[in-house]
Amino acid sequence: MDDKRWKRSSTVVYNIGYHLIWCSKYRRKVLTEDVAARRRELLLKKAQQIDVEIAQMEVMSDHVYLFVKTTPTNSPHFIVNQLKGYTSRMLREGFPFLKSRLPCLWTRSYYCEAVGHISEEAVKRYIEEQKGK
């Protein structure tokens, strides 16, 4: 197997990726300069703690875009809650102006899409082909 594509544990071989997006509260453009740099550090630190690899990250002034790879035991909801909660708390402690501008740093919502190496059509075709075997 191609080790770059798949990860392994004692009971499972997997390739799980999620495209995640979330926004600052009221889409305020607060993720600039020092805040954005610190947010990047905090996301990488927390991701490592919860066994998530951030494969791609982009910081906009009012958005966070991530492509993460994870284990089968980490749900997207868990990942987002951990990353949003930790970064909100730490950024608001480190940058007090965020407390006065926003009641909380992030919106409650987020976007998530599962990303895999093969397409939905390929999976459907593979399952359909198993009938005749």
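Me: Why is Thr 32 called partly exposed?

Reply: The model is predicted, so local features need pLDDT of at least 70 and side-chain atom pairs count only at pLDDT 80 or more, while totals for chains, interfaces and linings use all residues. Residues are numbered from 1 along each chain as its sequence is written, and side-chain values use heavy atoms, with hydrogens and water left out. Thr 32 has a relative accessible area of 38%. Buried means under 20%, exposed over 50%, and partly exposed in between (1.4 Å probe, protein chains only). Thr 32 is therefore partly exposed. Its place is the loop between strand 3 and helix 1.

Me: What makes Thr 107 buried?

Reply: Its relative accessible area is 19%, and the limit for buried is under 20%. Thr 107 therefore counts as buried. The residue belongs to the loop between helix 3 (97–101) and strand 6. Leaving aside residues up to four places away in sequence, Thr 107 touches Cys 23, Ser 24, Lys 25, Tyr 26 and Lys 84; contact means heavy atoms within 4.5 Å.

Me: Why is helix 1 called oblique to helix 2?

Reply: The axes of helix 1 (residues 33–49) and helix 2 (residues 76–94) cross at roughly 135° and come within 9 Å. Since angles under 35 degrees count as roughly parallel, over 145 as roughly antiparallel, 65 to 115 as roughly perpendicular and the rest as oblique, helix 1 is oblique to helix 2. Axes here are lines fitted to C-alpha atoms, for helices over the stretch in contact, and angles run from 0 to 180 degrees between N-to-C directions. The crossing is right-handed.

Me: Which residues of helix 1 and helix 2 meet?

Reply: On the helix 1 side they include Val 35, Leu 42 and Leu 43, and on the helix 2 side Leu 83, Tyr 86 and Met 90. By class, this contact has eight nonpolar, two polar and four charged residues.

Me: How do you know that strand 3 is mostly covered?

Reply: Six of the eight residues in strand 3 (residues 16–23) are buried.

Me: What shows that strand 3 pairs with strand 5 and with strand 6?

Reply: Two strands pair if DSSP finds at least two bridges between them. Strand 3 has eight bridges to strand 5 (residues 63–70) and five to strand 6 (residues 111–115), so both meet the definition. The run is antiparallel with strand 5 and likewise antiparallel with strand 6. Trp 22 stands opposite Val 64 in strand 5, and Leu 20 has Cys 112 of strand 6 as its bridge partner. Helices (H or I, at least four residues) and strands (E, at least two) are DSSP runs, numbered from the N terminus.

Me: What makes strand 4 and strand 6 edge strands?

Reply: The open sheet has four strands in the order 4-5-3-6, with antiparallel pairing. Strand 4 and strand 6 each pair on one side only. From one strand to the next, the twist averages 20°. Helix 1 packs on this sheet, touching strand 3, strand 4 and strand 5. Helix 2 also packs there, and its direction makes about 45° with that of strand 3.

Me: What is there to note about phi of Arg 27 and of Asp 51?

Reply: Phi is near 55° for Arg 27, a positive value in a residue other than glycine. For Asp 51 phi is near 65°, also positive in a residue other than glycine. Arg 27 lies in the loop between strand 3 and helix 1, and Asp 51 in the loop between helix 1 and strand 4 (52–59).

Definitions and conventions
A crossing is left-handed if the near helix is turned anticlockwise from the far one by less than a right angle, and right-handed if clockwise. Ala, Val, Leu, Ile, Met, Phe, Trp, Tyr, Cys and Pro count as nonpolar, Asp, Glu, Lys and Arg as charged, and the others, Gly among them, as polar.
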